[in-house]
Amino acid sequence: MPVTIQGLTPRSTELELEGFTASQANAIRRTLLSDVPKLAIEDVEFHLGPIRDEASGKDYDSSTSMFDEAVALRLGLLPIPTDLSQFRRKSECSCGGAGCPHCQVMFSIDKKGPCTVYAKDVVPLGDASLAILEPDVPIVRLGARQALLAYATAVVGTAREHAKWQVAQGVGLSPRPHVKIQRKEGCSDACLKRTAASCPVNILEFSAGRLSVTDETKCIDCGACVETCEHGSIRIEPDSERFFLKFETDGSLSAREALRFALKDLRRRCEELREVVQAIP
Ligand SMILES: [Zn+2]
């Protein structure tokens with residue numbers, strides 16, 4: 001099953017899969033969407049009551065313009081860099097779920113208004129490499145005499161539980177378009193020339209009385225050529241064994257790590273299924 005990497009950046013990738021069935025390719029897509037784990041903030045403890053600034057002696061009210069629940073939801077969506085060799089789910093941790101440096105990360109927020117609280121104000125306690133990846137995401141605005149003092153706990157989870165644990169975003173799977181050209185009766189050179197010129201990505205060429213495709217991989221399946229030739233000399237059909245898979249991540253894991261985990265996880269589950277089936281007498 002040849003796989004061609006057509007693009008790879010730390011946060012995105014584009015692959016061409018060959019020799020896959022639609023269901024195999026879709027299994028990879030679904031695993032990427034739902035089963036790749038990462039850290040996300042799950043619990044937030046807000047300080048209640050007045051907050052005194054020792055330096056200035058001023059008193060602040062521990063309230064914001066938003067409900068605590070809404071602030072907590074926003075905190076949950078912040079991307080935290082996740083090293084899967086270091087972190088695991090609480091349920092699988094040797095601490096028995098009590099919480100330890102291998103299954104949870106603590107963050108603190110201590111801001112006094114008037115100001116805007118940003119993601120960079122959510123500071124990891126201890127390891128600075130766990131700082132939020134998008135520091136300029138605004139979370140809440142504090143008015144004069146308003147303050148936010150909170151502690152947040154991030155744990156490992158997957159998007160099966162909540163979308164905040166979704167690593168891969170915009171996972172797109174599409175069959176590779178296959179351009180079929182067969183000159184039909186009554187189709188003139190002028191018609192084929194027009195057809196070639198109608199292609200927005202310029203992959204059709206008309207020369208020596210023949211219409212040909214220069215680079216099928218660049219076809220965007222827009223159908224402009226099919227509409228232009230009224231004789232039906234050109235058709236675009238989805239290839240049933242070749243697929244384009246592309247996705248990006250929120251940065252918590254790189255595109256390479258997310259894909260690697262998804263493929264390993266898929267393999268593990270297939271192995272488990274095989275063992276169960278083999279055990280049937
Ligand atoms: Zn633990």
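The buried residues of helix 2 pack against strand 3 (38–46), strand 9 (138–142) and strand 10 (147–157). This is a predicted model: local features need pLDDT of at least 70, side-chain atom pairs count only at pLDDT 80 or more, and totals for chains, interfaces and linings use all residues. Residues are numbered from 1 along each chain as its sequence is written. Helices (H or I, at least four residues) and strands (E, at least two) are DSSP runs, numbered from the N terminus.

Which residues of helix 2 are buried? In helix 2 (residues 68–76), they are Val-71, Arg-74 and Leu-75. They sit on the same side of helix 2, because they cover an arc of only 100° around the axis. That arc is taken from the directions from the helix axis to the C-beta atoms. A residue is buried if 20 or more other C-beta atoms lie within 10 Å of its own, exposed if 12 or fewer, and partly exposed in between; C-beta atoms are placed from the backbone.

Now take the strands. Strand 3 and strand 10 run antiparallel and are joined by eight bridges. Val-44 has Ala-152 in strand 10 as its bridge partner. Strand 6 also runs antiparallel to strand 10, with nine bridges. Here Asp-110 is bridged to Leu-149 of strand 10. Two strands pair if DSSP finds at least two bridges between them.

Next comes the core. In soluble globular proteins, nonpolar side chains tend to be buried together. The largest nonpolar core here has 29 residues. Such a core is a set of buried Ala, Val, Leu, Ile, Met, Phe, Trp, Tyr and Cys residues joined through C-beta atoms within 7 Å. Leu-39, Ile-41, Leu-75, Ile-80, Ala-152 and Ala-154 have the most contacts inside this core. Strand 3, helix 2, strand 6 (104–112), strand 9 and strand 10 each supply at least two of its residues. Strand 10 gives the largest share, seven residues. A second, separate core of 20 residues includes Leu-15, Ala-25, Ile-28 and Ala-262.

Look at Leu-39. Not counting residues up to four places away in sequence, Leu-39 touches several residues, including Ile-80, Phe-87, Val-105 and Ala-154. Contact means that the two C-beta atoms, placed from the backbone, lie within 7 Å.

Finally, Arg-141 lies in strand 9. Is Arg-141 buried or partly exposed? Arg-141 counts as partly exposed, because it has 14 C-beta neighbours inside 10 Å. Leaving aside neighbours within four places in sequence, Arg-141 is in contact with Ser-65 and Thr-116.
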